[in-house]
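I opened my notebook to get to know a structure that was new to me. Here is what I looked up.

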Amino acid sequence: MKTNEQLCAVLNLDESESQLMPLTKRRAVAALPFGSRYRLIDFPLSSLYSAEVTSVAIFVRGRARALMDHVRSGYPWGMESTVGGGLFIHSGAEIKEAVEQLESGQISSYYQDQIDFVQHSTKGYVVVMGSKMLCNVDLKAVLRNHIESKSDVTIVYKNVSREFCSPDSIDTCLTFEGEGESKVIDLLTAHELPSEETKIAIGMGIAIMRVEKFIELTREAASNRIKGDINVLIRHSLKENTVNSFEYTGYLKNIDNISSYYQANMDLLDEDNYNALFYRSQPVITKVKNGAPTYYSKEADISNSQLASDCVIDGTVEDSIIFRKVLIEKTATVKNSLIMQGCKIAQNAELQYVILDKGVKIGPGVQLTGTKENPIVIEKNSEITVEKES
């Protein structure tokens, strides 16, 4: 079975951004920087690369500039083909919906664009994915499982503890025909499950089906004005379809708020988590940026941290993730923090449990202290200084 001859992909990036503000004020969730040199979109694109998928459509709402700048032609992920493939980015869906005046039976451009894409791809199957479920999935294995099951749809899930979901989570959980069975009989949100269930099967927003089935589900959702990720569409038509499940056992983090985003980055400082995400059977690929090696002065004191290239480190860094082109001056201290590209931290500044977005400048003597559960977030290109006494 040649996967690239059978599978196209729809990346549905209509993902809630409100709980990730201000980091998503100027970028989509998929464009969030991660792990000192990646973005969240790299992970679904890398899974598609390993499955030899070259025909991909991305649907994104809101600000798409950062995402489009990062992805561009899709070259790093082998999606620049002009023969039977390519990367197609659809943005501004919310603007189109606002001005559209649909007649009875007419499908919105958001859904019609998806239908047109899968039809023109000439592939037999389609995989639908998002970006907020951070994982490294073997899509070839999922497709094989789906074909062998002879089901209408296959959903990817992971068994997790109930604490994995936030109290107000709207993410979908799977219930099965019986213990050890793979057939899905219902899709519920976590708060709809019985309170005594401590283990849940959380849907990862990844599903594979035949192109014809995807078109059927999409038309049904459009006619009933249903919006949501692929699990919402499947739940609506569950009684009319046979739904199979595929268990994922690797690293998974649901990036649905600032706390989970912060913790996902900090998880990389644990070698087991890092290896589980990056050193499975398939690589994680990102856009290459050449730069000089990071410079560490004699005064620099680094422990249990991950640093990208082009940095100058004269101060102390502990248990932190540092992106490219960061300057940390002498006597400055950074602990348990996430420092994005181009930030500058001056002498005697002390940061602990802090997220600095790109281009932030921290003045001399500034002290910022958050907590593991509620890190302080400083908006992109901000400048923080100590107020001078009058």
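**Ground rules.** I am reading a predicted model, where local features need pLDDT of at least 70, side-chain atom pairs count only at pLDDT 80 or more, and totals for chains, interfaces and linings use all residues. Residues are numbered from 1 along each chain as its sequence is written, and side-chain values use heavy atoms, with hydrogens and water left out.

**Cysteines.** I looked for disulfides (pairs of cysteine sulfur atoms within 2.5 Å) and the count was zero. For Cys8, the nearest cysteine sulfur belongs to Cys135, 19 Å away. Are these buried or exposed? Buried means under 20% relative accessible area with a 1.4 Å probe, protein chains only. Cys8 is buried at 0%, and Cys135 is buried at 6%.

**Helix α6.** Helices are DSSP runs (H or I, at least four residues) and strands are E runs of at least two, numbered from the N terminus. I found that α6 covers residues 211–223. Its buried residues include Val211, Phe214, Leu217 and Ala221. Among the elements covering the buried residues are β1 (7–13), β8 (153–161) and α7 (230–236). Just after α6, Arg225 has a positive phi of about 55°.

**Cavities.** A cavity is a set of points on a 1 Å grid over the protein atoms alone, where a 1.4 Å probe fits but cannot get out; lining residues have an atom within 4 Å of a point. I noted four of 30 Å³ or more, volume being the space filled by probe spheres set on the points, which are joined across faces, edges and corners.

How values were computed. Buried < 20%, exposed > 50% of the residue type's maximum accessible area, 1.4 Å probe, protein only. Expected span 1.5 Å × (residues − 1). Contact = heavy atoms within 4.5 Å. 1 Å grid on protein atoms, 1.4 Å probe; cavity = no way out; pocket = protein on both sides within 12 Å on 5 of 7 lines; lining within 4 Å.
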